[in-house]
Amino acid sequence: MKILALGDVVGEQTLRYLAEKLAEQRRLLGADLVIANGENVCDIKGISPAAAEYLIGHGVDILTSGNHVFDRRDIYDYLDTSKHLLRPLNYPAECPGEGSCVVTSADGWKVLVLNVSGTAFMESLNNPFASVERALDAARGKYDVAVLDIHAEATSEKLALARYFDGRIGVIFGTHTHVQTADEQILPNGAGYITDLGMTGPIDGILGVRAEEIVFKSRTHLPRRFSVASGEIKAHGALFDVDAVTGRTKSVKRIVF
């Protein structure tokens with residue numbers, strides 16, 4: 001089974017790009033399941049129901065998210081009703097939505113998708129290790145392969161989570177930093193891992209934002225409303241080739257299209 005994971009989708013113009021490119025890339029790569037982090041689609045912060053439905057309608061099977069998932073109030077009811085959009089597991093139980101789901105891949109395997117937020121240099125949420133443990137326990141016997149999106153700032157936290165769950169989760173990737181890392185690997189107990197998938201969005205700015213706005217903010221420390229960069233768009237992610245019988249990853253390959 002091949003799982004294509006795409007890094008943070010930034011900007012509504014990127015929706016049109018994926019509508020044009022994703023189906024063909026999915027065919028060429030032989031991807032049986034596509035997961036994308038969608039929390040930055042709308043004005044960099046947040047995702048709308050319409051944007052989520054657009055991505056699902058154009059080839060994304062499951063959308064994960066992170067610290068911006070609740071920035072738009074119109075997504076709250078959608079999170080409670082959608083089977084395709086996750087919010088991090090370690091938000092309080094009172095928050096809308098769920099942090100995990102089981103989805104059937106194109107080749108018929110049951111895939112448990114988990115989404116968790118880091119807490120180093122980010123919001124003080126519930127312990128991510130304990131949150132993932134509970135989700136795995138709750139889903140025991142209901143899936144063939146487990147996948148984890150760690151939406152986190154600190155590389156060390158992502159690696160710590162990956163090492164801890166290596167052997168129990170077959171596919172582990174990081175999101176949030178918008179820069180694709182070059183450390184794709186198979187961990188000792190069979191988990192395929194990459195610290196960050198990178199960004200799916202305009203590459204001429206800074207992390208998807210207009211460069212001049214980031215530079216101004218960095219130089220002056222004055223408030224500045226950020227807007228999505230224009231120009232060339234690229235999708236960054238990784239393709240995981242997984243043995244669905246054992247739940248272990250056989251290979252990981254960085255993807256850019």
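This is a predicted model: local features need pLDDT of at least 70, side-chain atom pairs count only at pLDDT 80 or more; totals for chains, interfaces and linings use all residues.
Trainee: Which side chain of opposite charge is nearest to Glu-157, and how far away is it?

Mentor: Glu-157 is buried and yet has no salt bridge. A salt bridge requires the nitrogen and the carboxyl oxygen to be within 4 Å. The nearest side chain of opposite charge lies 8.6 Å away, and it belongs to Lys-158.

Trainee: How many salt bridges does a search of the whole structure find?

Mentor: Side chains of opposite charge can pair when their charged atoms come close. Searching the whole structure for such salt bridges gives a total of nine.

Trainee: How many residues apart are Arg-168 and Glu-133, which form a salt bridge?

Mentor: The closest N and O atoms of Arg-168 and Glu-133 are 2.9 Å apart. This pair links distant parts of the chain, with Arg-168 in the loop between α5 and β8 and Glu-133 in helix α4, and the separation is 35 residues.

Trainee: Why can we say that the salt bridge between Glu-184 and Arg-254 ties together separate parts of the sequence?

Mentor: In this salt bridge the closest N and O atoms are 2.9 Å apart. Glu-184 lies in the loop between β8 and β9, while Arg-254 lies in strand β14, so the parts that the pair ties together are separated in sequence by 70 residues.

Trainee: Which residues lie nearest the centre of the largest pocket?

Mentor: The largest pocket has a volume of about 380 Å³, and its lining has eight nonpolar, six polar and four charged residues. Of the 18 residues that line this pocket, those nearest its centre are Ile-44, His-68, His-176, His-178 and Leu-207.

Trainee: Is His-176 buried or exposed?

Mentor: His-176 lies in the loop between β8 and β9, and it has a positive phi of about 110° although it is not a glycine. Buried means under 20% relative accessible area. His-176 has a relative accessible area of 16%, and therefore it is buried.

Trainee: What is the relative accessible area of Phe-121?

Mentor: Phe-121 has a phi near 65°, a positive value in a residue other than glycine, and it lies in the loop between β6 and α4. Phe-121 is exposed, and its relative accessible area is 75%.

Trainee: What distance separates the C-alpha atoms of Pro-49 and Leu-85?

Mentor: Pro-49 lies in helix α2, and, not counting residues up to four places away in sequence, it touches Asp-74, Ile-75 and Tyr-78. Although Pro-49 and Leu-85 are 36 residues apart along the chain, their C-alpha atoms are separated by 9.5 Å.

Key
Residues are numbered from 1 along each chain as its sequence is written. Side-chain values use heavy atoms; hydrogens and water are left out. Buried means under 20% relative accessible area, exposed over 50%, partly exposed in between (1.4 Å probe, protein chains only). Lys and Arg count as positive and Asp and Glu as negative; His and the chain ends are not counted. On a 1 Å grid over the protein atoms alone, a cavity is a set of points where a 1.4 Å probe fits but cannot get out, and a pocket is an open set with protein on both sides within 12 Å along at least five of seven lines; lining residues have an atom within 4 Å of a point. Grid points are joined across faces, edges and corners, and a volume is the space filled by probe spheres set on the points. Ala, Val, Leu, Ile, Met, Phe, Trp, Tyr, Cys and Pro count as nonpolar, Asp, Glu, Lys and Arg as charged, and the others, Gly among them, as polar. Helices (H or I, at least four residues) and strands (E, at least two) are DSSP runs, numbered from the N terminus. Contact means heavy atoms within 4.5 Å.
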